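Here are my notes from going through the model you sent.

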Amino acid sequence: MRGKERNFIHMADRAQDERFMAEALRLAHQHLGATGSNPSVGCVIVGDEGDGPKIVGRAVTAIGGRPHAETQALASAGEAARGATAYVTLEPCSHHGKTPPCADALIAAGVARVVVAVMDPDERVAGRGLAMLRDAGIEVVTGVNEEEGERELEAYLMRKRNHRPYVTLKLAVSADGMIGMKGQGQVRITGAPARDFVHRLRAETDAILVGIGTAIADDPELTARVAGLEHRSPLRIVIDGDLDLPLGSKLVRTAREVPVLAVTGEQHGSVAFVERRQALEALGVEVVVCDPSAPGDFLAALATRGISSLLVEGGARTAQLFLNAGLVDRILLLTGPATLGEEGVPSPLERNLVPVGFLHTRTDTFGDDLLDTYEYERTP
């Protein structure tokens, strides 16, 4: 059907738009946390082959951030894109970067209609992509499944709107409110299903952070140890004012495989400090000077690196630091059935003791463990 416009504006039916946008959002979730500084966007091309609308092309932003979803979906659709409707979870880009604008690609492909879930707050786009499409005579519909789109893109939107990553605090707490045992290193509080959930969460997150106390006591690896997702382990960050991270720790030993940042405060002039820094850097750890007691400044610095999502995993002091600064957007509280007793390390929060401003949104079960999700209600 080369050269023939298949105009099916009757597809403006809202329920149908929502159905195809839901598929685009499902696609977008597949590469969450794996697209670098670019958002993970889903795109579905829907054409009419005479027996009703059907998907003729679909794609998600490639791992690493390029190619974008729209250009891949258009390539998949080929000539079937002419006269079709494109469902895109985020406004198509309008600026020239390392690749041409996606708005241009949609225009060149001859789509008749573009449906968008969320407007892009990036100052290089911010409505310009939609204006380009409309100027080319393409019908544009916005706000379809917008609430779901905002949730799927929440990390990217936080970085663009607030110039910091979206922060999730994850804690595993025993039935008696403890996060570990004094002097015993890492203590398993939850079962295998819950731990599998956490590893998948890491694979969907740009960076993960712990304090030096946790790094020394637990000697964690902080990678995504799920079959098929190992390559999607996040950037690993340790708040380490005196650069005490042991050279033989799992984090340091694997720093050349999965990047590690050690965050320290003002430069120390002591010979010992300089030697510790040189030793860490020689093993592949990047040392960043930024006041660990001012998490807002540190988050802003992460945003300039393109980090959109941060998972804070402990310990108690680090969790409290972010809570006190009002920089936690979501709390994931895993509660196991066992008790740890008087030798336990108290958690900064429990199911019945969550900071003011957080709304309980859901409870999930993983075997014998409970996962409670709390989200901070910020004013628009």
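Notes on the model

1. Thr335 sits in strand β13 (strands are DSSP runs of E, at least two residues, and helices are DSSP runs of H or I, at least four, both numbered from the N terminus). Its relative accessibility is 13%, so Thr335 counts as buried (buried is under 20% relative accessible area, exposed is over 50%, and partly exposed is in between, with a 1.4 Å probe and protein chains only). Not counting residues up to four places away in sequence, Thr335 touches Val173, Ser174, Ala175, Arg351, Asp368, Asp369 and Leu370 (contact means heavy atoms within 4.5 Å).

2. A word on what you're looking at: this is a predicted model, where local features need pLDDT of at least 70 and side-chain atom pairs count only at pLDDT 80 or more, while totals for chains, interfaces and linings use all residues. Residues are numbered from 1 along each chain as its sequence is written, and side-chain values use heavy atoms, with hydrogens and water left out.

3. The other threonine I looked at is Thr168, which is in strand β6. Thr168 has 9% relative accessibility and therefore counts as buried. Leaving aside neighbours within four places in sequence, its contacts are Leu310, Leu311, Val312, Arg330 and Leu332.

4. Next, helix α7, which covers residues 192-203. With 12 residues, α7 reaches 17 Å from its first C-alpha to its last, close to the 16 Å expected at 1.5 Å a residue (the expected span is 1.5 Å times one less than the number of residues). Which residues of α7 are buried? They are Ala194, Val198, His199, Leu201, Arg202 and Ala203. What covers these buried residues includes β6 (166-173), β8 (207-211), β12 (309-314), β13 (330-335), β15 (358-366) and β16 (369-376).

5. The buried residues of α1 are Gln16, Asp17, Phe20, Met21, Glu23, Ala24, Leu25, Leu27 and Ala28. These buried residues pack against β1 (42-48), β2, β3 (85-90), β4 (113-118) and α5 (146-152).

6. Now helix pairs. Two packed helices are described by the angle between their axes and the distance between the axes. For α2 and α3, the packing angle is about 20 degrees and the axes are 9 Å apart (axes are lines fitted to C-alpha atoms, for helices over the stretch in contact, and angles run from 0 to 180 degrees between N-to-C directions). α2 and α3 are therefore roughly parallel to each other (angles under 35 degrees count as roughly parallel, over 145 as roughly antiparallel, 65 to 115 as roughly perpendicular and the rest as oblique). The crossing of α2 and α3 is left-handed (left-handed if the near helix is turned anticlockwise from the far one by less than a right angle, right-handed if clockwise). In this contact, Glu70, Thr71 and Leu74 of α2 meet Cys102, Ala105, Leu106 and Ala109 of α3. By class, the contact of α2 with α3 has 5 nonpolar, 1 polar and 1 charged residues (Ala, Val, Leu, Ile, Met, Phe, Trp, Tyr, Cys and Pro count as nonpolar, Asp, Glu, Lys and Arg as charged, and the others, Gly among them, as polar).

7. Helix α3 (residues 102-109) also packs with α4 (residues 128-135): their axes come within 9 Å and cross at roughly 20 degrees. That makes α3 roughly parallel to α4. Left-handed or right-handed, the crossing of α3 and α4? It is right-handed. Here Ala103, Asp104, Leu106 and Ile107 in α3 meet Gly129, Met132 and Leu133 in α4. The residues of that contact divide into 5 nonpolar, 1 polar and 1 charged.

8. Lastly, some backbone points to look at. Most residues other than glycine have a negative phi, and most peptide bonds are trans. The peptide bond from Arg66 to Pro67 is cis, with omega near 0 degrees, and Pro67 is in the loop between β2 (53-60) and α2 (69-77). The bond from Gly314 to Gly315 is cis too, with omega near 0 degrees; Gly315 lies in the loop between β12 and α12 (316-324).

9. As for phi, His163 has a positive value of about 60 degrees although it is not a glycine. His163 lies in the loop between α6 (154-162) and β6 and, at 54% relative accessibility, counts as exposed. Leu243 has a positive phi near 55 degrees, and its place is in the loop between β9 (235-239) and α9 (250-253). Leu243 is buried, with a relative accessible area of 1%.
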